[in-house]
Amino acid sequence: MNRNETNSSRGLEFVRRAAYYAIVGTSAHRLNTTRDARRARYTDPLCSGLHIREAGVSLSAPAAAFAITMSLAKNNKKASVNHRRSSSNKLSSPRDCKCEGSIMADVNKAGAGLSHLSLSSGENLFDAIRKTNATKCSAKAQEYFNTFDVDSDGYLNDREFDTLLKQLFCNKGQSYTLSKKQTTDIFKLIDENQDGKIDLKEFTECWHHWLKQILDPVTALVVVDVQNDFISGTMAICDCPAGQDGAAVVPCINKLLDTTRFDVVIYSADWHPENHISFIENVKDRKLHHTTKVSSENACKMDTVIFEGPPIVEQKLWPKHCVQGSWGSELHKDLKVVENAVFINKGTNPDIDSYSAFWDNNKLSQTGLINELTSRGITDVYVCGLAYDICVGATTAHSVEHGFRTVLIEDAARGVDVNDMKKTHDKLLRQGAALVNCDSVPGMVSADDRRPDLGYKAALNFAMARKLVKTESSQGGVKEKLSQDKKAAQTKAK
Ligand SMILES: [Zn+2]
């Protein structure tokens, strides 16, 4: 198998795996060791025959939207529960009745009456509903639908939808300019049955899921590896080709933490055992693959070698750094650590390096970060720290792949190599991350500043999640299949 094939099949497996996790929930996420991961390759249904249909989604699209899919699945379930409740005339609480849950119950109520909201008032309609939980309320969806349905024909046409987008995507009252392609693409993603108009059912679903993310985002700040060794220790990035000062991120991050209320703050740390594969001091301890161009004796810092494994691992060599419990592995003393922070260690397996705070470099095992994010219903992930073109870039890319709206805070990150930083920047932009400076972050987190690129990303995720959930529920439930598949695998193993 050549390398391209390996990469593309790995990519395909990742998409399936992510879709699988998105639908079946988080219990299967924790693959903390390579051994667990290897075992999982045999028991994980995705590796043993069950292929969740990609639902027409191209592989270059984000893997699957965890948060949205989960909430969509949950909401569908809740809707059917509420439906049962209302048919027996029992309502558990006024909250259940009016503003929670049921997507379709309110939609079916005829003649909700003309909206009292007005497009002509000059006030931004979406500013009024931010942070009021209105995106949980189906009655509000109807109200807003009526407002934008100017000709009152029961549908939003493309012109009416344009007006909505102008109100939605703005920063402090100033609308962003959307290209024709952007508006058409978003319209098509929301228009589920592709009939060229958006009906109340489509609008209500997008209200609860797509608009909710934009108007009421749940945010995480991931502070990547702001550790002594990367600032003034054995791997100080000031000694790297770009000559940047790693300590410069500390005041930026502290200011961000002072000015912005994230729903959770996560600190990742490189946390290596003494015998870690990435240390040049250990290069002679493992057999090199015959295709490696340098020998163990001649290998230098930042050379890339291939270890025979198994598994075969490509590895850039670094000086010994961030050894567990050492001074070098500690967070910089001036970095503000907030209350209730979450700490994620990575690179703990001696045989595989981990640049990303989500996955190891071979995508065999995860750190637990995805659990921390999904269990909190996080929709938006902000990333900063060290180093831009390595761990920050890898974490940002995986966040996008997992379907989070992802923002890299560029002036709160420093890098190793200017060319690699440029490449990382371009790649992340293509993938759909937003790249901003610290100044923009408070407005984005509070949803005063609502950007079309992130809105488009959310629409893509929403459409994909909707398709995956509906495809699977029409196939009789993925959980059932997974358990059947697991039983079959276990029988086979016996
Ligand atoms: Zn490391």
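Two strands count as paired if DSSP finds at least two bridges between them. In this predicted model, that criterion gives an open sheet of six strands in the order β7-β4-β3-β8-β9-β10, with parallel pairing. The edge positions belong to β7 (342–346) and β10 (434–436); each has a single partner strand, so one side of each is left without a neighbour in the sheet. From one strand to the next, the twist averages 25°.

Within the sheet, strand β8 (residues 380–386) runs parallel to strand β9 (residues 405–414), and six bridges join β8 to β9. Val 383 has Leu 408 of β9 as its bridge partner.

**Helix packing**

Helix α14 (residues 388–401) packs with helix α15 (residues 418–431) at an angle of about 5°, and the two axes are 10 Å apart. Angles under 35 degrees count as roughly parallel, and α14 and α15 are therefore roughly parallel to each other. On the α14 side the contact is made by Tyr 388, Asp 389, Gly 393, Thr 396, Ala 397 and Val 400, and on the α15 side by Asp 420, Met 421, Thr 424, Leu 428 and Gln 431. By residue class, this contact of α14 with α15 divides into five nonpolar, four polar and two charged residues.

**Surroundings of Gly 246**

Gly 246 sits in the loop between α11 (228–231) and α12 (249–259). Is Gly 246 buried or exposed? A residue is buried if 20 or more other C-beta atoms lie within 10 Å of its own; Gly 246 has 28 C-beta neighbours inside 10 Å and so counts as buried. Apart from neighbours within four places in sequence, Gly 246 is in contact with Phe 230, Ile 231, Ala 236, Ile 237, Cys 238, Leu 386 and Arg 414. Among these contacts of Gly 246 are Leu 386 and Arg 414; β8 covers residues 380–386 and β9 covers residues 405–414. Asp 229 lies 17 residues from Gly 246 along the chain, and the C-alpha atoms of Asp 229 and Gly 246 are separated by 9.9 Å.

**Annotated EF-hand spans**

The unreviewed UniProt entry carries the annotation "domain: EF-hand" for residues 136–171 and 178–213. The table lists the secondary structure and end separation of each span.

| Span | Helix | Strand | Distance between end C-alpha atoms |
|---|---|---|---|
| Residues 136–171 | 61% helix | 6% strand | 23 Å |
| Residues 178–213 | 69% helix | 0% strand | 19 Å |

Notes
Residues numbered from 1 in each chain as written. Predicted model: local features only at pLDDT ≥ 70, side-chain atom pairs only at ≥ 80, totals over all residues. Axes fitted to C-alpha atoms, helices over the stretch in contact; angles between N-to-C directions. Helix = DSSP H or I, 4+ residues; strand = E, 2+ residues; numbered from the N terminus. Parallel < 35°, antiparallel > 145°, perpendicular 65-115°, else oblique. Contact = placed C-beta atoms within 7 Å. Nonpolar A, V, L, I, M, F, W, Y, C, P; charged D, E, K, R; others polar. UniProt positions renumbered as here; feature names shortened; annotations may be inferred. Buried ≥ 20, exposed ≤ 12 C-beta atoms within 10 Å, placed from the backbone.
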